[in-house]
Amino acid sequence: RLLRNGTFCTSADVRQRHRRSIQDDGHEIADSGNDGCLVTVLGMLAVLQEDKCYLEDPDGIVEIVLQDAVFADALLTETSIVLVEGHYRNGKLFAKQIVSPPAEPRKTTVNVFTGTNFFGGDFKEDNRATLIAEEKSKDGLLVILSDVWLDKPEVLLKLRQLFKGFGQGNSSSVAYILMGNFLSNPYGKDASRTLEQCLSELSAIISELKVQSQIIFVPGPLDPGSPSILPRPQLPKLLTSRFASRVPNAVFTTNPARIRFGAQEIVIFREDLTSKLRRNCLLPPMDEDGSDAQSIKRHVIKTLIDQSTLAPLPLHVRPVAWSYAQALQLYPIPDVLITGDKTDSSSMNYEDCAWLSPGPFFVSEFSFLCYYPGRARTDAAEDAVEYCKV
């Protein structure tokens, strides 16, 4: 992927002559010339000793001195894949700048891997033009909420108002995405029973209002039913079977989840990403003027897309089941990435990926996002996202 980037794509002989890799003995950089030369190396950040950072690649390992390093535009943590520019002296790499490898535009990836369906499902590239035309013709709508605390009476009241309001139009064109956590206090032995009772109350509201739209439930990191390992399975059927029998249009998904609207690939992920990335980054990111970054949200989406994963964190911070690690990949870049976080509602575009974060429903005074997939394909793309409040 990196060698397909125009910045690094050179002729074969020049690329070989300027190649930098870490030698097996960990004390020198191949073909680097004299001690103290300026080099650029690709590798993985590792903290193998306390207060010491290293760079690893398949050829070896070298210690990095971060004293004067600048981390630009990303929240880089241990195990992040990075490009390090610096001077190699006395067996150490004195870093000047550490950045994420540049993201590869989706169009480039699709052209390179023609006919490969990374996303899954029954999709053929030959049908893309037809599906895009359908997107534009349908005024579809995704209503997105996060941290829907069903044990709060105020939340159930607001959900009733929300379902009633959107149900007045063409309900078949509306889909609701409800992300956890579904309890304000998800701890204790009675959490599962409480959630089952709350789902029963919600099903009564949906049945009363005769909601026909699809309702997608994405579990949060603290919802009952499974350990804190990614990807997280759906809510246990023991808790949802009664709800599903009363609301046949409900879908209980895993976390993360992937859905397709026409030709658009949409990834949904509920995780407290901002706080975990900020807490575990090795150095705070810098803005272009050298000051501490203020727009942390922009750095979060850049980190996810550049690292091509939903969990760019060390395993001791966010464990991953390796048999299903492919569910966390963001390659090729999806058309839409929805993350449920504890930050305020926000949306932005990065590398043609629309990032949506609805914010916590109860804490943000019942704020949520509406996304119109069809508008994203037209000249009115800036109107594809609406900030709403019940």
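Biologist: Is Asp 352 buried or exposed, and what is its relative accessible area?

Modeller: The structure is a predicted model, in which local features need pLDDT of at least 70, side-chain atom pairs count only at pLDDT 80 or more, and totals for chains, interfaces and linings use all residues. Residues are numbered from 1 along each chain as its sequence is written, and side-chain values use heavy atoms, with hydrogens and water left out. Buried means under 20% relative accessible area, exposed over 50%, and partly exposed in between, with a 1.4 Å probe and protein chains only. Asp 352 counts as exposed, because its relative accessible area is 68%.

Biologist: Where does Asp 352 lie, and what is its phi?

Modeller: Helices (H or I, at least four residues) and strands (E, at least two) are DSSP runs, numbered from the N terminus. Asp 352 is placed in the loop between β14 (346-350) and β15 (353-357). Although the residue is other than glycine, its phi is positive, near 65 degrees.

Biologist: What is the relative accessible area of Asp 51?

Modeller: Asp 51 belongs to the loop between β1 and β2, where the two strands form a hairpin with 2 residues between them. Asp 51 is not a glycine, yet its phi is positive, about 65 degrees. The residue is exposed, with a relative accessible area of 76%.

Biologist: Which residue of β2 is the bridge partner of Met 44?

Modeller: Two strands pair if DSSP finds at least two bridges between them. β1 (residues 38-49) is joined to β5 (residues 81-89) by 7 bridges in an antiparallel arrangement, and there Met 44 stands opposite Ile 81. β1 also pairs with β2 (residues 52-57) in the antiparallel sense over 4 bridges. In β2, the bridge partner of Met 44 is Glu 56.

Biologist: What separation is found between the C-alpha atoms of Cys 53 and Ile 64?

Modeller: Cys 53 is part of strand β2 and counts as buried, because its relative accessibility is 7%. With contact taken as heavy atoms within 4.5 Å, and residues up to four places away in sequence not counted, Cys 53 touches several residues, including Leu 45, Val 62, Ile 64 and Leu 282. Cys 53 and Ile 64 are 11 residues apart along the chain, and their C-alpha atoms are separated by 5.5 Å.

Biologist: Which residue makes a side-chain polar contact with Ser 203?

Modeller: Ser 203 is located in helix α5 and counts as buried because its relative accessibility is 1%. Residues up to four places away in sequence aside, Ser 203 touches Phe 243, Arg 246 and Val 247. A polar contact is a pair of N or O atoms within 3.5 Å; within protein, one must be able to donate a hydrogen and the other to accept it, and residues adjacent in sequence count only if both atoms are side-chain atoms. At 3.4 Å, the side chain of Ser 203 makes such a contact with that of Arg 246.

Biologist: Which strands stand at the edges of the sheet?

Modeller: The open sheet has 6 strands in the order β10-β9-β8-β7-β16-β17, with mixed pairing. Each edge strand has a single partner strand, so one side of each is left without a neighbour in the sheet; these strands are β10 (250-252) and β17 (385-389).

Biologist: What is the omega of the peptide bond from Tyr 331 to Pro 332?

Modeller: Pro 332 is placed in the loop between α8 (296-307) and β13 (336-340). The peptide bond from Tyr 331 to Pro 332 is cis, with omega near 0 degrees.
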